[in-house]
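Here is a short note for a colleague who is opening this model for the first time. Please read the points with the structure on screen.

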Amino acid sequence: MGYAQLVIGPAGSGKSTYCASLHQHCETIGRAVHIVNLDPAAENFDYPVAMDIKELISLDDVMEELGLGPNGALIYCMEHLEESLDDWLEEELENFAEDDYIVFDCPGQIELYSHVPVFKNFVEHLKRKNINVCVVYLLDSQFMTDVAKFISGCMASLSAMIQLELPHVNILSKMDLVRNKKDIEDYLNPESQFLLSELNQRMAPRFGKLNKALIELVDQYNMVSFVPLDLRKKGSIQYILSQIDMCIQYGEDADVKIRDFDPEDDD
Ligand SMILES: Nc1nc2c(ncn2[C@@H]2O[C@H](COP(=O)(O)OP(=O)(O)OP(=O)(O)O)[C@@H](O)[C@H]2O)c(=O)[nH]1
Ligand SMILES: [Mg+2]
């Protein structure tokens, strides 16, 4: 049984920084973790790259050879990854041990998680290899300044959740930049009534029904919860890691093994 985090979220939300911090944290506590770059445009890394999509395909090459713009080229690269799941990915995964913990640092274009099927198939492939995967969705706390942005962030995360059908942890990144912590706290575990009244206050009355429907949707999926990530605080990344570990049952197998040998079970 292997374990993986799929680190996704909008462009610039802090995915690669999170991966680097996670790597550093794991190194400090003596835990093995392997970070994989899945962004064909990424150039600089603050973590050792255990596996790199650029060895399969690079954005620059695609732009140059096919005359595509950056976004079209990215989609092309990711479609190429999708076609290479059974050979390139399969071979690369052979380099990991069966119970390794892998973190995939993904590109930031959100269409990749809403309607392009590459990650859906990527994840299916990991599941077939007996890897427990958790989606780690990063959202920049700088955009959590009002309810409309919050709802739009929730919708983007929700669409990834529905598409990928995986355990899902939402993270509010860059908490060190938040001046007024109180404003953000309202959004970490918000009450639906609070969101609705905020939204109604902000929008023209004719949006009342839409607001209600949106809030109900978010509420029904029970996903309006964010874990704050403040990289200045040591405990922050540790707490997030423990939440994710719980989602993918990391560490639980070890317990089972110990229990198997419990002398009380021996008759
Ligand atoms: N202050 C602060 N800045 C951050 C934090 N995390 C990321 N940043 C900055 O935000 C910018 C984007 O961070 P990245 O980690 O590259 O974001 P990303 O999501 O990997 O971006 P893409 O891969 O391009 O989508 C960089 O300038 C980072 O230094 C944080 O916790 N605090
Ligand atoms: Mg990145």
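1. Ligand 1. The shell around ligand 1 holds 15 residues, and G14, K15, S16, T17 and G108 come nearest. A residue is near a molecule if its C-beta atom, placed from the backbone, lies within 6 Å of it. Helix α1 (residues 15-28) gives the most to this shell, with three residues. By class, the shell has four nonpolar, seven polar and four charged residues. Here Ala, Val, Leu, Ile, Met, Phe, Trp, Tyr, Cys and Pro count as nonpolar, Asp, Glu, Lys and Arg as charged, and the others, Gly among them, as polar.

2. Basis. This is a predicted model: local features need pLDDT of at least 70, side-chain atom pairs count only at pLDDT 80 or more, and totals for chains, interfaces and linings use all residues. Residues are numbered from 1 along each chain as its sequence is written, while chains are lettered from A and ligands numbered from 1 in the order in which they are written. Helices (H or I, at least four residues) and strands (E, at least two) are DSSP runs, numbered from the N terminus.

3. The sheet. Seven strands form an open sheet in the order β3-β2-β4-β1-β5-β6-β7, with parallel pairing. Two strands pair if DSSP finds at least two bridges between them. β3 (49-52) and β7 (227-228) stand at the edges with a single partner strand each, so one side of each has no neighbour in the sheet. Strands β1 (residues 2-8) and β4 (residues 101-105) pair in the parallel sense over five bridges. Y3 has Y101 of β4 as its bridge partner.

4. Helices on the sheet. Helix α7 (residues 147-164) packs on the sheet and touches β1, β5 (131-140) and β6 (168-173). Its direction makes about 165° with that of β5. Helix α11 (residues 234-247) lies across β1, β5, β6 and β7, running at about 165° to β6. Axes are lines fitted to C-alpha atoms, for helices over the stretch in contact, and angles run from 0 to 180 degrees between N-to-C directions. Contact means C-beta atoms, placed from the backbone, within 7 Å.

5. α2 and α3. The axes of helix α2 (residues 59-66) and helix α3 (residues 70-83) come within 9 Å and cross at roughly 110°. That makes α2 roughly perpendicular to α3 (65 to 115 degrees). L59, V62, M63 and L66 of α2 meet P70, A73, L74, Y76 and C77 of α3. By class, this contact has nine nonpolar, no polar and no charged residues.

6. α9 and α10. Helix α9 (residues 192-202) and helix α10 (residues 208-220) pack at about 150°, with axes 10 Å apart. That makes the two roughly antiparallel (over 145 degrees). Their contact divides into four nonpolar, four polar and two charged residues.

Terms used. Parallel < 35°, antiparallel > 145°, perpendicular 65-115°, else oblique. Contact = placed C-beta atoms within 7 Å.
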